[in-house]
Amino acid sequence: MNARVSEPRGALLLSAFIALIFQVVPLPAWLSIVRPAFLVIVVLYWSIAAPRAGGLFLPFLCGLALDVFRGAVLGEHALALVVVAYLAIRFHLLIRNKPLFEQALFAFAALALYEFVVWCIDGWSGHSLNSGLRWLHPVTGGLLWPIACGILSRTHRPR
Amino acid sequence: MVAFGGAGRPVHSRVAATGLAFTFYATLSIVLMFLDQRGNWLEYARYGLSAAAYPVQLAVDSPSAAWHWVQESFATREALQARNDALRAANRALAVRTLRIEALEAENAQLRALKAALPDVAEKWLPGEIMNIELSTLRQRVTVNKGATSGVFKGQAVLARGGLMGQVLRAGPWSSEIILITDPEHAVPVQVLRSGLRTIAVGQGNAGVMTLPYLPVNSDIKVDDLLVTSGLGGVFPAGYPVARVIEVGRDPGQPLALVRAQPLAAIDRDREVTFVWFKPGHPAAPAPLAATAPQRDFAGAAQSAPPKPKPAPPAATPATPPVTPTATSPATPPATPPATLPAATPAAPRGEDAR
């Protein structure tokens, strides 16, 4: 019985990569307003479903990748993702057993926290904060959660 | 892959290990942010990371590139013919205008009593193709498929069809990030071509609009005025078209006029951009900033965002005498009263009027 062998590392990396592409692919302005934070959702999912597969290294790496693509301060999205992933890993047993609806509520809260951290760092680093539209992302992300769960849970054996 | 906390350990020690990992990564992120924000200590790290990001950028760009290729290869003969005709006509018009420009340049040189006519300020062009676009209210950036290996450098001016597009914010090895003139954190020193009035055009986070927040109510500006770069600020050379004024609001109760302009470059419609190199000694070339000053965060000091358009106007602006309109060509801006130069330019460039 080796627990490490069954960690879905391949699915994790592949899904994170695809989510990253979805997150940075150029979209028309009105569509990018409602684009959910795909990468955060994927990281959240794996933190809850397989907390030891990626640990906190994967969120950190994904965050750095986002920073590079967004041209943000290096470490901005990394910090936000690590915070969110830590909470998800810490309470993964609690969240995993909830019905999908409550999980979506948790995902919404986590995405809002993520957006809040990014917002704070944006303000600290002197970027403009003149848009309230960024708070739409957690809403669409929460709505996407059940679908994301449905897709991602097919990539690994249930535990 | 680093995995803190082995599978075999008891639960409480795994929790502690996660906490430890969290502290580690959070601290690492904060240290990274400090290093990146204060000083440019992470330039090399950024360079390397943007090299690593290049394959993903290619992947992101591939659907639109493929669509472009399909369109190109299945274009009908008539469409190609029509485009060819249109291009030929445009070329003819441009050739005629170039003739005129040569005549004007000769005249200009004579007027300045120079020994020889000056060559064009631009020394070299490099076309690039947009790979990724980020047009939001917070960031107006594009990624272009030419980088430091092609000679692109930080702070370089970038043109698009129609006019000025932006400047290079970061140059990776094979790709570079360009901050557009419509980014809310970007400002261009401009000049009204008709009146010679100098001011600063600030981005709004909207690809179709820029504002001119530092103009007093009585300044000489009208709808349809052409704004060209003024050559101040050390990044953009003088005389390149930037935007056309679309709205002038004058409220007598306010010290500043509300002026909006539309960028001339096809910022959200074009796939191609042009990097430009300028002759350093040319009178229209961007005036160098203090030679010993290291490159600041936003390359040209004057291009970093001026403070938010506060109601308190820059000290110099309210008592501006109306500028006498002088017919002028972009290369020879008339001597405007220095009072029209807003004090908002963070670092007043030395040798602003090299001409």
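Predicted model: local features only at pLDDT ≥ 70, side-chain atom pairs only at ≥ 80, totals over all residues.
**Barrel in chain B**

Six strands of chain B close into a barrel. Their order is S6-S7-S8-S11-S10-S9, and the pairing is antiparallel. Strand S9 of chain B covers residues 226-229, and strand S10 of chain B covers residues 241-249. Three bridges join these two strands. Within this pairing, B:Leu227 stands opposite B:Ala243 of S10(B).

The loop between strand S8 (210-211) and S9 of chain B holds B:Asp224. B:Asp224 is not a glycine, yet its phi is positive, at about 85 degrees. Is B:Asp224 buried or exposed? B:Asp224 has a relative accessible area of 52%, and the cut-off for exposed is over 50%, so B:Asp224 is exposed.

**Strand S1 of chain B and its partners**

S1(B) pairs with strand S12 (residues 272-278) of chain B. S1(B) also pairs with S2(B). The table sets out both pairings.

| Pair | Sense | Bridges | One facing pair |
|---|---|---|---|
| S1(B) and S2(B) | antiparallel | five bridges | B:Ile133 and B:Val142 |

S1(B) and S2(B) form a hairpin, with four residues between them.

**Second largest pocket**

S1(B) also matters to the pocket list: this strand gives the most to the lining of the second largest pocket, with six residues. The space in that pocket is about 1,200 Å³. Its lining has 49 residues. Which residues lie nearest its centre? They are A:Ser32, A:Arg35, B:Glu134, B:Leu135 and B:Ser136.

Elements of chain A and chain B each supply at least two lining residues. From chain A these include helix H1 (9-24), helix H2 (29-34), helix H5 (57-70), helix H6 (76-90) and H8. From chain B they include helix H2 (43-73), strand S1 (122-135) and strand S2 (140-144).

**Nonpolar patch on chain A**

A nonpolar patch lies on the surface of chain A. Its members are A:Val34, A:Phe108, A:Leu133, A:Leu136, A:Val139 and A:Leu143. Together they have about 480 Å² of accessible area. Helix H9 (residues 136-152) of chain A provides the largest share of the patch, three residues.

A:Phe108 sits in helix H8 (residues 100-124) of chain A. Its relative accessibility is 36%, so A:Phe108 counts as partly exposed.

Definitions and conventions:
Residues numbered from 1 in each chain as written. Chains lettered and ligands numbered in written order. Heavy atoms only, no water. Pairing = 2+ DSSP bridges. Patch = residues over 30% accessible without salt bridge, like charges linked within 9 Å, V, L, I, M, F, W, Y side chains within 5 Å. Areas by Shrake-Rupley, 256 points an atom, 1.4 Å probe, with all protein chains shown as cover. Salt bridge = Lys/Arg side-chain N within 4 Å of Asp/Glu carboxyl O. Buried < 20%, exposed > 50% of the residue type's maximum accessible area, 1.4 Å probe, protein only. 1 Å grid on protein atoms, 1.4 Å probe; cavity = no way out; pocket = protein on both sides within 12 Å on 5 of 7 lines; lining within 4 Å. Points joined across faces, edges and corners; volume = space filled by probe spheres on them.
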